[in-house]
Amino acid sequence: MRRILGSLVVLVLFAACSTVPITGRRQVNLVSSSEMTALAAQEYGRFLEENPPSKDAASSERVRRVGERIRRAVESYMTEAKLASRLAGYQWQFNLVDNKQVNAWCMPGGRVVVYSGLLPVAQDDTGLAVVMGHEIAHAIAEHGSERMSQQMLAELGGVALDVALQEKPGETRALWRQAYGVGAQVGALLPFSRVQESEADRLGLIFMAMAGYDPRQAPDFWRRMAAAKQGGAPPEFLSTHPSDDTRIRRLQELVPEALKSYRPQD
């Protein structure tokens, strides 16, 4: 019986595997994209009710402008790679909220929030594109779903999302918010693995380059983030993100690949 159960678990995990765009890494996702996108719509609306979008028109437009350019790049890449179906249900949104945290995140379905505290560190559109490209890359690679799946296996016994929401709605929603970095009040964020961070750096560089932003500027942005970290408590954005010489060297190694996709825009 134990051997049979073990075999069933292996079959379920194999069936739940998907492939990360560009890198080709296989990952386990126990939650469907449609389920995650539907839940994201609810949580995003709830978040904006509690944290209304900024009334700073110029900065809000800047966030939308950069976000829209990256969106077009992502959609172009996914179409060319015959992966457009993975964007089904996406309803892209780009909102700036007034919050001193140096932070940003992207939910399933392309729902992005940038905190106003990030703008001084970003400095310009290219710096903002580094962050937004990185966070959107996490969503495209379904890293949040992957780490939530891991936590559901560990804490909720690997039950289906709809069952978990019915039986343990509070715990499940808290876990979901942690997985996507939504609000510090729900507790510590679930950390991305080094593999996921490396993937987000690589995909993010390519996406920002395709959107017309110079990927050679990415290392300088991360140096500024490292300086912000050294100046006191680490920015929320860095609480689960490594920012050190190793990462910067890795970004420099990735730049030549991203430059192949770089198309400067006027």
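**View 1. A hairpin built from strands E4 and E5.** In this predicted model, E4 and E5 form a hairpin, with three residues sitting between the two strands. Look for Gly-109 in the turn: its phi is positive, at about 90 degrees. E4 covers residues 104–107, and E5 covers residues 111–115.

**View 2. The side chains of strand E4.** Which way do the residues of E4 point? Ala-104 and Cys-106 go one way, while Trp-105 and Met-107 go the other. Whichever way they point, all of these residues are buried.

**View 3. Glu-199 and what it touches.** Glu-199 belongs to helix H9, which spans residues 194–210. Is this glutamate buried or exposed? Its relative accessibility is 5%, so Glu-199 counts as buried, the cut-off being under 20%. Leaving aside residues up to four places away in sequence, Glu-199 touches Val-20, Thr-23, Arg-25 and His-143.

**View 4. Helix H9 packed on helix H11.** Stay with H9 and bring in H11, made up of residues 245–259. The two helices pack at an angle of about 40 degrees, and their axes are 10 Å apart. Because of that angle, H9 counts as oblique to H11. On the H9 side, the contact is made by Glu-197, Ser-198, Asp-201, Arg-202, Leu-205, Ile-206 and Ala-209. H11 answers with Arg-247, Arg-250, Leu-251, Leu-254, Val-255, Glu-257 and Ala-258. As for handedness, H9 passes H11 in a right-handed crossing.

**View 5. Leu-39 in helix H2.** H2 takes in residues 33–50, and Leu-39 is found there. Leu-39 has a relative accessibility of 3%, so this leucine counts as buried. How far from Leu-39 is Arg-173? In sequence they are 134 residues apart, but in space their C-alpha atoms are 8.9 Å apart.

**View 6. Stepping back to the whole chain.** The protein chain has 11 helices and five strands. Of its 266 residues, 50% count as buried. Among contacts with a separation of 6 or more, 71% link residues 24 or more positions apart. The accessible surface of the chain is about 12500 Å², and carbon and sulfur atoms contribute 53% of that.

Notes. Residues are numbered from 1 along each chain as its sequence is written. This is a predicted model: local features need pLDDT of at least 70, side-chain atom pairs count only at pLDDT 80 or more; totals for chains, interfaces and linings use all residues. Side-chain values use heavy atoms; hydrogens and water are left out. Buried means under 20% relative accessible area, exposed over 50%, partly exposed in between (1.4 Å probe, protein chains only). Helices (H or I, at least four residues) and strands (E, at least two) are DSSP runs, numbered from the N terminus. Two strands pair if DSSP finds at least two bridges between them. Contact means heavy atoms within 4.5 Å. Accessible areas come from the Shrake-Rupley method with a 1.4 Å probe; for residues, only the protein chains shown count as cover. Axes are lines fitted to C-alpha atoms, for helices over the stretch in contact, and angles run from 0 to 180 degrees between N-to-C directions. Angles under 35 degrees count as roughly parallel, over 145 as roughly antiparallel, 65 to 115 as roughly perpendicular and the rest as oblique. A crossing is left-handed if the near helix is turned anticlockwise from the far one by less than a right angle, and right-handed if clockwise.
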